[in-house]
Amino acid sequence: MPEDTWLTARLIPTSGINGAEEQERRATSALLAVMTAVREFGRALTQPLGAPAGPVQTFIEVPFKHGDKQCFPDGLIRVTRGQRQWTALVEVKTGSNQLQSEQLERYLDVARDEGFDALITVSNEIPPIAGQHPTSVDRRKLKKVTLHHLPWSEILTAAVMQKEYRGVADPDQAWVLGELIRYLEHPRSGAMEFNDMGPAWVPVREAVGAGTLRPTDSVVTEIAGRFDALVRYAGLKLGRRLGTEVTPALTRRELADPASRTQMLVTQLASTGLMTAGLKIPGAIGSLYITADLRAAKIFCHVDVDAPRAGRPATRVNWLIRQLKDAPDNVRVEAFTMHGRGPGSVELLRVVRSDPTTLISDPTKELRSFRIAQVSAAGSKRGTGRGAFIDSLLTAVDDFYEQVIQNLKPWMPAPPRLRSSDEPQPVEPVAPSLVSTAISSQDGPQPDLTSPKASDDAQQQATTTEKPLPKGRLVTG
């Protein structure tokens, strides 16, 4: 048998997984063991949750008494630094299994009774906003114990960023972390990607096309939440490729009140058939905004760019075109003028390349900003694969960033130059309105040049070598 058919031995094998219970137990043990073995990875996951920077200890299936029954949380994490000790219970779900409110509330009671600090849940559920929890629990049980949620996609992103970009000091530990990444990326691990828009996707899409969707329909809220979750997943996936943290672009109000964000999406979807979200990419010229049009079956990606603050309008347009030399011809460019209202001048990039003046509606007005947008077809299927909405949105985000955003740089004014001593200094002309030849009271009495005697005196004074001082002026020294 040829060697290319041999399977490489893995530290965490995917073979032998029989059922959801075995899948969940193996994923839990692999994750917690690598958190202990790879110090940098353990800190990357625990420190944002409030744990101190210390050694990480992990355990699986620790038994606890809860009333008359015994319960077994999937895991326990303990971090110790000096006299401080931080402990958290862990509950893990794999595949399509969802977290249960009753089970989480029972573990919250156990954590409170034991004096633990937190309960951490891990599943494939992705909350629309980071910090939210996908499962509702009794808020009174969170007075002494905090509840955190880590999607598997976020854990995979943290592992990739730590190994590939931030680095692991020990080569053996780096290899161990790489084995965890290989395991989580395997389809049989149960750490799935975002692969379903939910059972309400098709009814909502059909209702939008028919114009019968109402904001009070319960399915609208579900689709709005899944759209935000998909955008967050797109940011995690893009962040793994870039080696940086890509987060949803949210306003302060939306961060403080996530329900207002969901309500805005519900109203927008019911009235216009659109859903809009954004991604904040560190170092990029602007946020990447995504608009899904369910009526037209289109996905719009755009970024707003400030125009240069110097130069003629044509010069500012050319500055943008030079940076979009590798962008597709079907990219749309829109120019906005200073103090202008409403839409600006818009044209496709292939037209602007041949004639930049097509974006200049009024040469006397300064260009304030540009909007670069790209349109792509949106899939209709709820799952993944060809013709699916999820894959079409992920592809649109990756392509727009690669072809447009990563090539754009903000305008910077040229630095002032030092002048040499022998360089001629330009003389600024004086405005005629500032020139004054009127006689002042400081000029003294003026002779009457209309009389013959005054004319002779003026000629004699002009021939003398020294001019007499004006009368009444005090001379000192």
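Mentor: Rings of Phe, Tyr and Trp (for Trp, the six-membered ring) are taken to pair if their centres lie within 6.5 Å; planes under 30 degrees apart count as stacked, those over 60 as edge-to-face, and the rest as tilted. The model is predicted, so local features need pLDDT of at least 70 and side-chain atom pairs count only at pLDDT 80 or more, while totals for chains, interfaces and linings use all residues. Residues are numbered from 1 along each chain as its sequence is written, and side-chain values use heavy atoms, with hydrogens and water left out.

A search of the whole structure gives three aromatic pairs. One of them is made by Phe64 and Phe116, edge-to-face, with 5.8 Å from centre to centre and 75° between the planes. This pair links distant parts of the chain, 52 residues apart: Phe64 is in strand β2 (residues 64–66) and Phe116 in the loop between α3 (101–114) and β6 (118–123). Helices (H or I, at least four residues) and strands (E, at least two) are DSSP runs, numbered from the N terminus. Phe64 and Phe116 are each buried, that is, under 20% relative accessible area, against over 50% for exposed and the range in between for partly exposed (1.4 Å probe, protein chains only).

Trp201 and Phe389 also pair, in a tilted arrangement with 4.6 Å between the centres and 35° between the planes. Here, too, distant parts of the chain are linked: Trp201 belongs to helix α6 (residues 201–210) and Phe389 to helix α12 (residues 389–403), 188 residues apart. Both of these residues, Trp201 and Phe389, are buried.

Phe389 leads on to the nonpolar cores. A nonpolar core is a set of buried Ala, Val, Leu, Ile, Met, Phe, Trp, Tyr and Cys residues joined through side-chain atoms within 4.5 Å. The largest such core has 65 residues, and Ile372 and Phe389 are those with the most contacts inside it. Helix α7 (residues 218–242) supplies the largest share of this core, ten residues. Apart from this core lies another, of 39 residues, which include Val79, Ala174, Val176 and Ile181.

For Ile372, contact means heavy atoms within 4.5 Å. Leaving aside neighbours within four places in sequence, its contacts include Cys301, His302, Val303, Leu320, Leu324, Phe400 and Leu408. His302 is found in strand β11 and is buried, with a relative accessible area of 14%. Not counting residues up to four places away in sequence, His302 touches Ser287, Leu288, Tyr289, Arg371, Ile372, Ala373 and Phe400.

Two strands pair if DSSP finds at least two bridges between them. β10 and strand β11 (residues 298–306) run antiparallel and are joined by five bridges, with Asp293 opposite Lys298 in β11. The two strands form a hairpin with four residues between them, and Ala297 in the turn has a positive phi of about 55°. Strand β9 (residues 274–280) is joined to β10 by six bridges, again antiparallel; Thr276 has Thr291 in β10 as its bridge partner. Because five of the six residues of β10 (residues 288–293) are buried, this strand is largely enclosed by the rest of the structure.

β6 and β7 pair in the parallel sense over six bridges, and Ala118 has Thr146 in β7 as its bridge partner.

As for the chain as a whole, it has 13 helices and 14 strands, and buried residues make up 42% of its 477 residues.
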